[in-house]
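These are my notebook entries on one structure. I set down what I looked up, entry by entry.

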Amino acid sequence: MSAEAADAVELRAALVRLRRGTGLPVAFGGIVATPGQVRIAELSGAATNALRGLAIVAGNGLGGKALSLARACAVTDYRDSRHISHEYDGAVEAEGLRSVLAVPVVVHRRVRGVLYGALRSAQPLGDRALGAAVAAARDVEQALVVRDEAHSLLAAAAAPVAEGPGAWEEVREAHGALRALAPRIVDPALRAELLAVCGRLASAASPVEREAPVVLAPREVDVLTCVAAGATNAVAADRLGLRPETVKGYLRSAMRKLGAHTRGEAVVAARRAGLLP
């Protein structure tokens, strides 16, 4: 899945959440394509395609104001508002929108997109609607942060392993970070790429093939990765988004499959099996 396709998936889901949380009948939005410009790419509840493909420039209209100020903005009556410029009145009028809010998607202090919610009547949009719209934008922000982190880790994992006593510790840290991040990735292609890199990192440390390789479930490997880094069950649970009891169950199952009696033996056995670097 390309970055554009992944953006579309995240946006569509966020717009559905925005409409459900605010009760607003129309939602739309887009991701920054070029600096200072958002192109409206996704519509939810729209009656026409008048807004689709609209290029919103920083400072212009309500969305451009949100883009330039990096904060949520709203108008009770878009058509008659004196607080915004009116470059996009034609498209807004064609869709029949009156009350509109715009919330920026901000990642590391940089606006990466804008989400809109709108009514077809002129009435104040309350704090509940604004709060729900901001929450939807935060969901997109988190998805973009996770994806950025994934690409950064993949780039680091692809770099040549440095020589020295700490070289494999760096590999193990990268492996652990990738395993912990993979379940949070929505894009299946990117998630598969992360897990493939994890496999290469693990096999690089144990290149000898076994006649009867041990097969562990993905979550069992995730838990062992945390254990290898010195994490307690509670820390592993927090890192993986699981309950401590669930972590304990995965660890017990992995130990049984590996023929290990202690956590340390399980880590050693997993490394010998090429499951951990």
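Which polar contact joins the side chains of R17 and D139? I found one of 2.8 Å; a polar contact is a pair of N or O atoms within 3.5 Å, where within protein one must be able to donate a hydrogen and the other to accept it, and residues adjacent in sequence count only if both atoms are side-chain atoms.

**Entry 1. Basis**

I note that this is a predicted model, in which local features need pLDDT of at least 70 and side-chain atom pairs count only at pLDDT 80 or more, while totals for chains, interfaces and linings use all residues. Residues are numbered from 1 along each chain as its sequence is written, and side-chain values use heavy atoms, with hydrogens and water left out.

**Entry 2. Salt bridges**

I looked up the salt bridges, for which a side-chain nitrogen of Lys or Arg must lie within 4 Å of a carboxyl oxygen of Asp or Glu. The structure holds ten of them.

I took D139 and R17 as my opening case: they form a salt bridge whose closest N and O atoms are 2.8 Å apart. D139 lies in helix α4 (residues 127–158) and R17 in helix α1 (residues 3–22), so the pair ties together parts that are 122 residues apart in sequence. Helices here are DSSP runs of H or I with at least four residues, strands are runs of E with at least two, and both are numbered from the N terminus. In space, I read a C-alpha to C-alpha distance of 9.5 Å for R17 and D139.

I then checked accessibility, where buried means under 20% relative accessible area, exposed means over 50%, and partly exposed lies in between (1.4 Å probe, protein chains only). D139 is partly exposed because its relative accessibility is 35%. R17, at 31%, is partly exposed too.

Next I turned to E93 and R79, whose side chains meet in a salt bridge of 4.0 Å, N to O. This pair links distant parts of the chain, with E93 in helix α3 (residues 89–95) and R79 in the loop between β5 (73–75) and α3, 14 residues apart. E93 counts as partly exposed at 44% relative accessibility, and R79 as partly exposed at 40%. I also recorded a network of salt bridges that links R79, D80 and E93.

Because E141 and R138 are three residues apart in helix α4, about one helical turn separates them. Is E141 buried or exposed? I read a relative accessible area of 8% for E141, so this residue is buried. R138, at 40% relative accessibility, counts as partly exposed.

**Entry 3. Aromatic pair**

I searched for ring pairs of Phe, Tyr and Trp (its six-membered ring) with centres within 6.5 Å, counting planes under 30 degrees apart as stacked, over 60 as edge-to-face and the rest as tilted. The count comes to one aromatic pair. F28 and Y116 form it, stacked, at 4.4 Å centre to centre with 15° between the planes. F28 sits in strand β1 (residues 26–34) and Y116 in strand β7 (residues 110–118), 88 residues apart. F28 is buried, with a relative accessible area of 5%, and for Y116, also buried, I noted 5%.

**Entry 4. Partners of β1**

Two strands pair if DSSP finds at least two bridges between them. I found β1 and β7 antiparallel and joined by six bridges, with F28 opposite Y116. β1 also pairs with strand β3 (residues 42–44) in the antiparallel sense over three bridges, and there E42 is the bridge partner of G29. With strand β2 (residues 37–39), β1 pairs in the antiparallel sense over two bridges, and T34 stands opposite Q37. The hairpin of β1 and β2 has two residues between the strands, and in it G36 takes a positive phi near 80°.

I placed D222 in helix α7 (residues 218–228) and found its side chain in polar contact with that of R219 at 3.1 Å. D222 is buried, at 4% relative accessible area. Leaving aside neighbours within four places in sequence, D222 is in contact (heavy atoms within 4.5 Å) with R179, P183 and L240.

In helix α8 (residues 233–240), I listed N233, A236, A237 and L240 as buried. They lie on the same side of α8, because they cover an arc of only 100° around the axis, taken over the directions from the helix axis to the C-beta atoms. G241 follows α8 and has a positive phi near 70°.
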